[in-house]
Amino acid sequence: MQDFDYIIVGAGSAGCVLADKLSASGRHKVLLLEAGPSDRRFWIRVPIGYGISFHDATVNWKYQSEPDPGINGRRMYFPRGRVVGGSSSINALIYHRGQANDYDDWATAGNPGWDYKSVAKIYDSFEQVRKVGDEGGIPPTCSRLSVTDATTSYHPMKDQFADMCKQIQLPVSRNPVMEGHSAGPYFITTRQGTRCSSAVAFLHPAANRPNLTLITNIMVQRIGFQDRRATNVDCLLNGRKVTFNAGREVLLAAGAINSPQLLQLSGVGPKDVIRDTGLEVVLDQPNVGSHLQDHLGVDYVYKANRPTLNDVLGRWSGRIRAGIEYLTRRTGPLSLSVNQFGGLVKSSPDRVFPDTQLYLNPLSYQTFYKGRRALTKPDKFSGFIMGFNSCRPVSEGHVRIRSSDPKMAPAIIPNYLSAQKDVDDVICMARLIGRMQQTPAIRETLSAPPLTPLEKMSDDEIVNDFRERCSTVFHPCCTARMGSDPKTSVVDKCLKVHGIDGLRVCDASVFPNITSANTNAPTLMVAHRAAEMILADG
Ligand SMILES: Cc1cc2nc3c(=O)[nH]c(=O)nc-3n(C[C@H](O)[C@H](O)[C@H](O)COP(=O)(O)OP(=O)(O)OC[C@H]3O[C@@H](n4cnc5c(N)ncnc54)[C@H](O)[C@@H]3O)c2cc1C
């Protein structure tokens, strides 16, 4: 038994921020527990290395969903980071806040103070946006997230993509991250050519504080309660059971799959699910693990009449050249994401808000190679991709434990495309891509007709193709959502679990609704706000 003020479960995007902020004053004893290993690994530091970590079981939970009727009965592969930095150590590096109305909807759902005007100040406090080559100078003790505008390093196809957008009156911006309503070159979380995960930005600078303890390779198995107050966590470390006491609070930051799993394993969740596994119910809370939302996307592949990244990453000669450039100068394709251009746009002018996130990549891949992410195996021809996902899908799934054994993966039931609105949106967005592929800017780059002849396809054919080929964009959230009513939510606006003392959830699980773009940025913001509120209470 050891005593701490705060115990943080999970050193991911959110957990690393909490560890930094809560230990900064030196007044509190903070324990950070991470199931995975250290992030001091080559393929985590090298930005393009996410193609390798995508299937690497040493740093990845590698979950699978249950077969889902919405995607023609397929199981969806759910990678999640299992390493210091969590999913921010293995993600595709895109940095995007989403849209102002995402957060205004959070506030409207019963969470005053989470509107965009309020949270924009938090974003401003931790982001450091710089152009590529200009990102040095952040002292190691300063916990800021390095967000790089890598436009000048991106593949020349970016100009075609920008022209294409203009030709169909889609707004183009150099600053899509902050503006929300436009396409442009993506900003990425790198610093001087290496990944700037949440661990690099927030945890590493704090690592030597005497009041902060990080334990890796430790699995938290259960939260312990006394009279509905969270008092301790039971863990497995090197095959031994260990318990740590929390004098003030237990802070769950295990991510949108594992946080609800841990709550259910601890007796907080739907009573039938808990009882079926033989565990004792502490609090019947049907919303724990419910309301799962995720982005679901598809790529359309094009053969190009000019070299693309396929000609670099798909050939040994190109890889060796790129490797030398990276090792000597920390520049080139290995220092970047392959998601280089995109943003949030309207699929048709009558939409009130942008409803479509675009991914326009100067690289193509279409074959599934078992155990390898397709981007490490691009198509043999010069090719590129134009893809989309819906910004705000409304289908909801759930996460449920199957057993009292914490080592057994929970059942993930996404219920993709279970809402008709999401199916209708797929058709509108695919039609937008159809218009994009007809623009002069795209047609002049093609060496063959588009592989998917969208303009000849019926709505049913488009939907069936989508169901057959779509993939998660890796943004599960909302499984312990925030709200004022315990009948419909798990945590209150201060992220405290309704009906339980001394326990907050502080990660992507608490989003009341999915945000329009990639979810790392909003998770980091949630964690910063959580830390402010925890310190204000303490
Ligand atoms: C392949 C991939 C690509 C992505 N691309 C992007 C992108 O380009 N841009 C973007 O914005 N977002 C992206 N995302 C999503 C984004 O990274 C996540 O939304 C965000 O990191 C979630 O943060 P979190 O703190 O909620 O969870 P995580 O960062 O996943 O952290 C949870 C941590 O808790 C640990 N943990 C879990 N259970 C236990 C336990 N029982 N005991 C101890 N530790 C535990 C985990 O190992 C993990 O380290 C991507 C995600 C993936 C997987």
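Modeller: Two strands count as paired if DSSP finds at least two bridges between them, and the strands themselves are DSSP runs of E with at least two residues, just as helices are runs of H or I with at least four, numbered from the N terminus. This is a predicted model, in which local features need pLDDT of at least 70 and side-chain atom pairs count only at pLDDT 80 or more, while totals for chains, interfaces and linings use all residues. Residues are numbered from 1 along each chain as its sequence is written.

Biologist: What makes β1 and β15 a pair, and in which sense do they run?

Modeller: Seven bridges link β1 (residues 2-9) to β15 (residues 240-252), and as at least two are required, the two strands qualify as a pair. Their sense is parallel, and Ile8 stands opposite Leu251 in β15. β15 also runs parallel to β25 (residues 503-505), to which three bridges join it, with Val505 in β25 as the bridge partner of Leu252.

Biologist: What makes β14 and β15 a hairpin?

Modeller: Two residues lie between β14 and β15, and Asn238 in the turn has a positive phi of about 50 degrees. The strands run antiparallel over six bridges, with Leu237 opposite Arg240 in β15. β14 (residues 229-237) also pairs in the antiparallel sense with β13, over eight bridges, where Gln226 has Arg229 in β14 as its bridge partner. The hairpin of β13 and β14 again has two residues between the strands, and Asp227 takes a positive phi near 50 degrees there.

Biologist: Why do β5 and β6 stand at the edges of their sheet?

Modeller: The sheet is open, with four strands in the order β5-β9-β7-β6 and mixed pairing. β5 and β6 (127-131) each have a single partner strand, so one side of each is left without a neighbour in the sheet. Within this sheet, two bridges join β7 (residues 145-149) to β9 (residues 187-188) in the antiparallel sense, and Asp149 stands opposite Phe187 in β9.

Biologist: Which strands are the edges of the six-stranded open sheet?

Modeller: The order of that sheet is β8-β19-β20-β21-β18-β24, with antiparallel pairing, and the edge strands are β8 (183-185) and β24 (471-472), each of which pairs on one side only. Helix α13 (residues 420-437) packs on the sheet, touching β18 (296-303), β20 and β21 (383-390), and its direction makes about 150 degrees with that of β21.

Biologist: Why are α13 and α15 called roughly perpendicular?

Modeller: Axes are lines fitted to C-alpha atoms, for helices over the stretch in contact, and angles run from 0 to 180 degrees between N-to-C directions. Angles under 35 degrees count as roughly parallel, over 145 as roughly antiparallel, 65 to 115 as roughly perpendicular and the rest as oblique. α13 and α15 (residues 459-469) pack at about 105 degrees, with their axes 9 Å apart, and they are therefore roughly perpendicular to each other.

Biologist: Which residues of α13 and α15 meet?

Modeller: Val423, Val426, Ile427 and Ala430 in α13 meet Asp459, Ile462, Val463 and Phe466 in α15, contact being defined by C-beta atoms, placed from the backbone, that lie within 7 Å. By class this contact has seven nonpolar, no polar and one charged residues, where Ala, Val, Leu, Ile, Met, Phe, Trp, Tyr, Cys and Pro count as nonpolar, Asp, Glu, Lys and Arg as charged, and the others, Gly among them, as polar.

Biologist: Why are α5 and α16 also described as roughly perpendicular?

Modeller: The axes of α5 (residues 116-126) and α16 come within 10 Å and cross at roughly 100 degrees, and the two helices are therefore roughly perpendicular to each other. Val119, Ile122, Tyr123, Ser125 and Phe126 in α5 meet Leu524, Met525, His528 and Arg529 in α16, which gives six nonpolar, two polar and one charged residues by class.

Biologist: What makes up the shell around the ligand?

Modeller: The ligand is surrounded by 41 residues, the closest being Gly10, Gly12, Gly86, Asn518 and Asn520, and a residue is near if its C-beta atom, placed from the backbone, lies within 6 Å. The elements giving two or more residues are α1 (13-23), β13 (218-226), α9 (255-265) and α16 (520-537), and α9 gives the most, with four. The shell divides into 20 nonpolar, 17 polar and four charged residues.

Definitions and conventions
Two residues are in contact if their C-beta atoms, placed from the backbone, lie within 7 Å.
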